Structures are given as C-alpha cells and as structure tokens.
Amino acid sequence: MSCSFSEYITNSPSRKHGIDLQTEQSIRRKTVKILLTAGSILKLPQTTIAKAITLFHKYYLVKSFINEDQIEVAKAVLFLSSKVGNKIRKVGDIVTVFYYILNSNILPIGEDYWNQKDNLILKEQQVLKALVFETQIILPYKYLLNYCYLLRLKKEFVQTAVNILNDSYYSTLCCFFKAHEIAM
C-alpha cells in the first residue's frame, strides 16, 4: 500500500483506468465534504471523521474510482472509524444520514434500506481487506497542539492552525506524510 507521492500522481489505480489527476482530486474533495457533513450530523468527534477521511484516501491509493462507488466506501470508512475510535454509530444511522444528505432530505424505506445496510457491512469487509486491516491511524492534532503550546501561540493562531489542518484532509497529504510532519 505504500507508494510515494510522485508514484501516486502518475500511477494510481484510477490513473491506470483513465481518470486524470484533477478528476480524481475533485471526486476526493466532494466525498470528503460528504464525510464531514455525515460525521457532523452523527455528532462524531473531528478525530473520528479525520480517521474516516484518512481511511478513504488510503483505500483509493490501492483501488480505482472506476471500480468502486466512493459513497459506499465513504459509508464503510465512517462506520469503521466510529468503531475504531470507540464512538460507534449504528449501521442504520449511517445509512439514514447518507441517504438524507444525498437525496434531498428523503429517508430510505423498505427493502432499499435493508439492502443499503447489508451493502455497508460488505463494503466494510472489502475496505478492511484492501487496507490489510491497518486501521490504527495517528492523527496530527496532538502534535500540532503540543507545538502551539511550546511556542506559546495565542488562541486565535492555534485555531487557525487547526483549521488549516482540517482543510488538509481534502487532499491526500495524510497518506504521504507522518502525523508529526503534517503538524509542523
């Protein structure tokens, strides 16, 4: 699963299937926005959402956007990160929230609802397999806050730094650099 940034730029699975870098980045940004919205509605901590986004980005370092539905993957990584982070949300809650976000406030009913729940569980297994069960993610937040404390930065500077860190999750930065490097 480890590849360099330059290898990703030129040789990602999506690139091999004809998706250019700009299109791939656009898909990633749109899906990250959906993950942030879903995580917020589910009242998940920012760290749990950041782990889900990192898992999403890592998944698509080994899989192509052509072969995989990014929304199904997003549901699975949010569910998985909620379990890993001990902030577990029910499968049905995740299905309902994603359906609500994507379908103009309409909620799933009947067989569609049960199929989506089943698909989420199956996709979670596929994500785990693709990531070789590597779900422990070290986030840069604690490093960033420690650096800010050591530098005795004012609260507004710390908030700006955290906002910049949050914005970095729209990119694949979290896949190519260690947490303490991102925090610097």
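Colleague: Are Tyr-60 and Phe-65 buried or exposed?

Modeller: Buried means under 20% relative accessible area, exposed means over 50%, and partly exposed lies in between, with a 1.4 Å probe and protein chains only. Here, Tyr-60 and Phe-65 are both buried. Please note that this is a predicted model, in which local features need pLDDT of at least 70 and side-chain atom pairs count only at pLDDT 80 or more, while totals for chains, interfaces and linings use all residues. Residues are numbered from 1 along each chain as its sequence is written, and side-chain values use heavy atoms, leaving out hydrogens and water.

Colleague: How many aromatic pairs are there?

Modeller: A pair of aromatic rings is described by the distance of the centres and the angle of the planes. Rings of Phe, Tyr and Trp (its six-membered ring) pair if their centres lie within 6.5 Å; planes under 30 degrees apart are stacked, over 60 edge-to-face, and the rest tilted. By this rule there are six aromatic pairs. The ring centres of Tyr-60 and Phe-65 are 3.9 Å apart and their planes are at 10°, so this pair is stacked. Tyr-141 and Tyr-169 also form a stacked pair, at 6.4 Å centre to centre and 15° between the planes.

Colleague: Which parts does the pair of Tyr-141 and Tyr-169 tie together?

Modeller: Helices (H or I, at least four residues) are DSSP runs, numbered from the N terminus. Tyr-141 lies in helix α8 (residues 141-150) and Tyr-169 in the loop between α9 (155-168) and α10 (173-176), so the pair ties together parts that are 28 residues apart in sequence. Tyr-141 and Tyr-169 are both buried.

Colleague: Which residues have the most contacts inside the largest nonpolar core?

Modeller: A nonpolar core is a set of buried Ala, Val, Leu, Ile, Met, Phe, Trp, Tyr and Cys residues joined through side-chain atoms within 4.5 Å. The largest one has 53 residues, and those with the most contacts inside it are Leu-35, Val-77, Leu-78, Phe-98, Val-127 and Tyr-169. Helix α4 (residues 46-62) gives the most to this core, with nine residues.

Colleague: What does Glu-72 touch?

Modeller: Contact means heavy atoms within 4.5 Å. Not counting residues up to four places away in sequence, Glu-72 touches Asn-119 and Lys-123. Glu-72 belongs to helix α5 (residues 70-84), and it counts as buried because its relative accessibility is 17%. Its C-alpha atom is separated by 6.6 Å from that of Leu-120, 48 residues apart along the chain.

How values were computed. Helix = DSSP H or I, 4+ residues; strand = E, 2+ residues; numbered from the N terminus.
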